Structures are given as structure tokens and as C-alpha cells.
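The sequence and the structure come first, and the description follows.

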Amino acid sequence: MNSFTGNDAPHDAQAPALSMEHVTVRYGNVTALEDVSFILRRGDQAAVVGPNGAGKSTLFNAVAGIVKPTQGRVKIYGSGPDRHICIGYVPQRNRIDWRFPASVFDAVMMGRIGQIGLFRWPNRKDREKVRGALAQVDMLDLADRPIGDLSGGQQQRVFLARALAQEAELLLLDEPFTGLDEPSRQAILTILQRLCAAGATLLVATHDLQQAGELFPLVMLINRTLIAYGPPDQVLTSETLGRAYGSRLHIVPAEQGELVLTDTCCSGGRVPVE
Amino acid sequence: MFEWLLEPLQYGFMWRALLASAMTGVICSVIGVYVILQGMAFFGDALAHIILPGIVVAYLVGWPLAVGALIVGIIAALGIGALSRRGELREDTAIGIVFAGSFALGVALLSTVSTYAVDLSHILFGNVLAVSAQDLWVIGGLGLLVLLTVGAFYKEFMVLAFDATLAVVLRLPATFLRYLLLVLIAVTIVVALQTVGIALMLAMLVTPAATAQLLTRRLWRMMLLAAAIGSLSNITGLYVSYYINIASGPAMVLVMTAVFLAVFLLRSGRNRLMENGDTARNAA
């Protein structure tokens, strides 16, 4: 088991940061993902969009190694996810019990527990990493604050700091902007851009098509299968959106181009861990 | 005051009862922190009842009761863990079935014994005044094992309780840790058997930890506080039972419940005062 050594699996610098080859995931008789193939290169930033139950969570779980593909292969820098501790996972905020007794510092230190390894305690280097991560998200002054006292935007920044402390190279973010006000959203975006400039690769699930198109150089449109993947202007067309959303999509002619309405107000189709 | 404290200590059984109560309070409260953070109160209550047939069989064949309880407790903990992972039944349904069935089996077995009523009440509500020197060694030994394990896996258990997905992504041995925690709860229940018995076990696991959660928001402080609250409540309860002549297990549970209520009311009173203060400031 990897955590006994605290080392990440070896990275092949030539290989893409993330690749999926013909990945199919079934739960019993239900097919959650079918024959999905794509490549993300180091530093890429991709939004994942699709209707509720389209398999966004399953896709993330397969990348993180939480569910095993029924068929096909997932590779992170050339090898399967099982032994990588470089995958940062930023869960939806409402999946966490914020009454948990931990300070901001404690919550960020949790990201280092893979590197620290079993039967060891955090040393000075670990504490410096945590402080550095908190400084990068402008939260150093709140290090001793209980996590229960934070605002939504601050909670999201704690998770980002946790991924930074983990030295994550591939970041999976599940609806990171939901429920945040505009300044918090901007703050998170700035941090994400800084991370990518430093070589991190991002995969961001969002229900907001407009946001996906405006903020991300790459968009992945899924509904069980991968419908389209590429720059937003090629992916977010009325034809592909029609295929992804079907009857749940309404296209209304507007003054400039078309207005697209979908029903994906809330994320769903969540798969429990394991 | 001192005489009042010292008088019961002239009896050897009171010394042993005090030691057993204090140790039980510490161990139950520390494990109890995980029980409440992971929402496992029902599991804890069920497991305490499930071990009854193990105790009765050990009693009938003349083994130490702790051995029978430990064997059944560990098997049941692992069995429930496996059953709920298959996902055909809701976890609480699966626990409920095993809980009631096993408890019924235990009572049925015990009803074959002529001293049925007395024995049952001791098993249900504990009999801390009958703790032997050997029992103290068992409590101390198992308790130390539990505390050392919690210490060794402190940060891993913390991640598992806070964010199970993170535990998997960090490649922690999540399944092993989950089963380990279930076994620790089973061992803790065996430790507390003599002091509070089966029926009131849940209070030991839940109440001091819940009181501590009201008072602090750091995990290690919550554990220390819970341990202090648990052991002091038990000692106080023992004195109360000595002086007003009530059963010791219920006395301990009543003390810790009173402590919880006092902390809860003081806190909500203070919060209301602070809110009023804010309103007053805002109005000014």
C-alpha cells in the first residue's frame, strides 16, 4: 500500500497528465459511463458539463481511483490511479459536516497525510507546506479559526489549500462555484489560474454552461458518453447540446444568437464512495 | 468534605470500583468521539446488545465473561461492516435485525438459569461494585490497547471521519481503518460492560463526547475533554450511588447527562446574550 511509504507513483513526463481509453463504468445493470476516451495535457483546464445524472461524478470517481472502470483504462502520467497520491479532490461543500472539530490549519494538514505516511507525525516541513498553501489562498490569518466559522468562499479556499498541501498535480473540482458570491468566485478563479500556471491540471464539474464557456479553454460535454470535447465554441453548439440534454433543453432565438436553457439547476447522480 | 470523599475508600471494593469507573470513562469517551463524529450511535447501542449471547455462553461454561463478549462483539462488528457494504439493505435495517435477534437469543439462553433475574439486571445495568482485581487488569489492558491504537492511527481516523473520499484519494487503507474502528468500538464495549452494563452503554459512548463537542472545536482537545468529563462523571456517579443508595451505573449516566444539559443550557444562554448584545450594538 502506497501510504506506508508516503511516495507518489512514478510519473512519466512524456505521458499526458490524464488519459481515459474507452472507459465504461457499470453499477449492476446501470451503465453510468460508456466508452469515454480523452486526453488532458499538463496545465490543461477543462470544464465538465452535462445534465443531472450524466455521469460527472462517476467520471471523477474513475479518475480518482474511487471506482474501477468495468472496461477501459484510466492513466495519470502513464499509470493507473491506484497508487497516485497526486490527485486532489475538492468535494462539493455540502458533502462535508462543517461542525467537525478542526481548525483551518488541521483541515489543510489532512492533505499531507498521504505523504507523511502511517505511524509518523507532521514535521516542520509539513507545517511549512501547510502555511505556504494557506498563504497562496490568502487564508494564513485564519489558520487557527474553526472550519465551522468560515464563509462559503473561505471553505472552498480551504479545500484548494488542502490540495496544494497535498502537492496535487491533477485537481478534480466538483461544482466549486455553486453558492458563492461574485468576489469569492473571482478569488477562487484567480487561485485556479495560478495553479495551472504552476503546472497543475484541472478538471472542473459545473452545471453552468455559460461559466464553462467563458472561463475554461476546454469543455467536455457528457451524457453517459462523451458527446463533445474541445474549445467552447466547438463544443457548446445547439447541435451537441441538443444531443446532451435532449428534451430538457430549450433553445430560444435571442437578440444576439441563441439563448439556451437547461434544467440542470442542481447537481445530482451522486455515487457513494466505494 | 475530605471525610465525605474518603469514607467510602475504606472498602476495597470501592477502590476497585473507582478505578474501573475512571478507566471506563476515559476509554469510552475517547472512542465515543469517533462514534459521534461518524454518526455511529445506533451501531454502538446495537453492538452492546448484540454481545449478550457471548456473555451468557461464557457464563454458562465458566469462561471469563469478557472473552465471550469480545469474540461475539468482534464477529458482529465485522459482520455488520460486511453486510452494510453489500448495499442490499440499508445499514440501519441490517443492524436492527442483528441487534434484536442476537439480544433475544441472549435473553433466551439466560432464562435457562435459575438466578435469571439477578444475572440479567447485572448484565444490563452493570455491577461495578463486584469488579475484581482480575477484571481491573482486563479493563486496563484492553483500554490501553484501544488508546494506543487510537494514538497510532489518529490522523488517519481523522481524515476518515472528516472526508472519506479524501482517505481514498490519499490511498490510506480506508477499508482496513473502517473495520479497525468497528473492532475498537467492540473492545471498548467489553471494557465498559462491568461498569455500566449493556443497556446504558450508549450514554458512555455518546454523552461525554457530545458535551466536549459543545466546548471545543479541535479534535484532540475534544478527546481530552471527553475523557475528563467521562471519568469525572463516573467517579461522581459512584459517590452519588454510595450516599443515596441507588444503582451505580444509572447514577453515572445521570451525572453525565446532567453535565451535558448544564453545558448545553449555559452555551445557548451565552449565545443568546451575545446575540442580544449584537442587536443592542446594531440598534445603537
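This is a predicted model: local features need pLDDT of at least 70, side-chain atom pairs count only at pLDDT 80 or more; totals for chains, interfaces and linings use all residues.

Residues are numbered from 1 along each chain as its sequence is written, and chains are lettered from A and ligands numbered from 1 in the order in which they are written.

**Overall make-up of chain A**

Chain A contains 9 helices and 11 strands. Helices (H or I, at least four residues) and strands (E, at least two) are DSSP runs, numbered from the N terminus. Of its 274 residues, 42% are buried; a residue is buried if 20 or more other C-beta atoms lie within 10 Å of its own, exposed if 12 or fewer, and partly exposed in between, with C-beta atoms placed from the backbone. Among contacts in chain A between residues at least 6 apart in sequence, 70% link residues at least 24 apart. Two residues are in contact if their C-beta atoms, placed from the backbone, lie within 7 Å.

**Sheets of chain A**

An open sheet of 6 strands in chain A has the order β5-β6-β7-β3-β8-β9, with mixed pairing. Two strands pair if DSSP finds at least two bridges between them. At the edges stand β5 and β9 (225-230) of chain A, each of which pairs on one side only. On average, neighbouring strands of this sheet are turned by 15° against each other, direction ignored.

Within this sheet, strand β8 (residues 218-223) of chain A pairs with β9(A) in the antiparallel sense over 5 bridges. A:Val219 has A:Gly230 in β9(A) as its bridge partner, and A:Met220 stands opposite A:Tyr229 in β9(A). The hairpin of β8(A) and β9(A) has 1 residue between the strands, and A:Arg224 in this hairpin takes a positive phi near 70°.

A further open sheet of chain A has 3 strands in the order β2-β1-β4, with antiparallel pairing. Its edges are β2 (30-40) and β4 (71-76) of chain A; each has a single partner strand, so one side of each is left without a neighbour in the sheet. Here neighbouring strands are turned by 20° against each other on average, direction ignored. Strand β1 (residues 18-27) of chain A runs antiparallel to β2(A) and is joined to it by 7 bridges. In this pairing A:Ser19 stands opposite A:Ile39 in β2(A).

**Helix packing**

Two helix pairs are listed in the table. Axes are lines fitted to C-alpha atoms, for helices over the stretch in contact, and angles run from 0 to 180 degrees between N-to-C directions.

| Helix pair | Axes come within | Crossing angle |
|---|---|---|
| α4 (residues 124-136) and α5 (residues 152-165) of chain A | 8 Å | roughly 135° |
| α4 (residues 52-61) and α6 (residues 91-110) of chain B | 7 Å | roughly 25° |

The crossing angle of roughly 135° makes α4(A) oblique to α5(A), whereas α4(B) and α6(B) are roughly parallel to each other. Angles under 35 degrees count as roughly parallel, over 145 as roughly antiparallel, 65 to 115 as roughly perpendicular and the rest as oblique.

α4(A) passes α5(A) in a right-handed crossing, while the crossing of α4(B) and α6(B) is left-handed. A crossing is left-handed if the near helix is turned anticlockwise from the far one by less than a right angle, and right-handed if clockwise.

In chain A, the residues A:Lys129, A:Val130, A:Ala133, A:Leu134 and A:Gln136 of α4(A) meet A:Ala161, A:Leu164 and A:Ala165 of α5(A). By class, the residues of this contact are 6 nonpolar, 1 polar and 1 charged. Ala, Val, Leu, Ile, Met, Phe, Trp, Tyr, Cys and Pro count as nonpolar, Asp, Glu, Lys and Arg as charged, and the others, Gly among them, as polar.

In chain B, α4(B) contributes B:Leu52, B:Pro53, B:Val56 and B:Val57, and the residues from α6(B) include B:Phe103 and B:Leu110. The contact of α4(B) with α6(B) comprises 9 nonpolar, 2 polar and no charged residues.

**Contact between the chains**

The contact takes 23 residues from chain A and 23 residues from chain B. On the side of chain A that touches chain B, β5 (87-90) and α3 (113-116) of chain A each supply at least two residues. That side has 17 nonpolar, 5 polar and 1 charged residues.

**Positive phi values**

Phi of A:Asp138 is near 55°, a positive value in a residue other than glycine. A:Asp138 lies in the loop between α4 and α5 of chain A and is partly exposed, with 14 other C-beta atoms within 10 Å. A:Glu167, likewise not a glycine, has a positive phi of about 60°. A:Glu167 is placed in the loop between α5 and β6 (170-174) of chain A and is partly exposed, with 17 other C-beta atoms within 10 Å.
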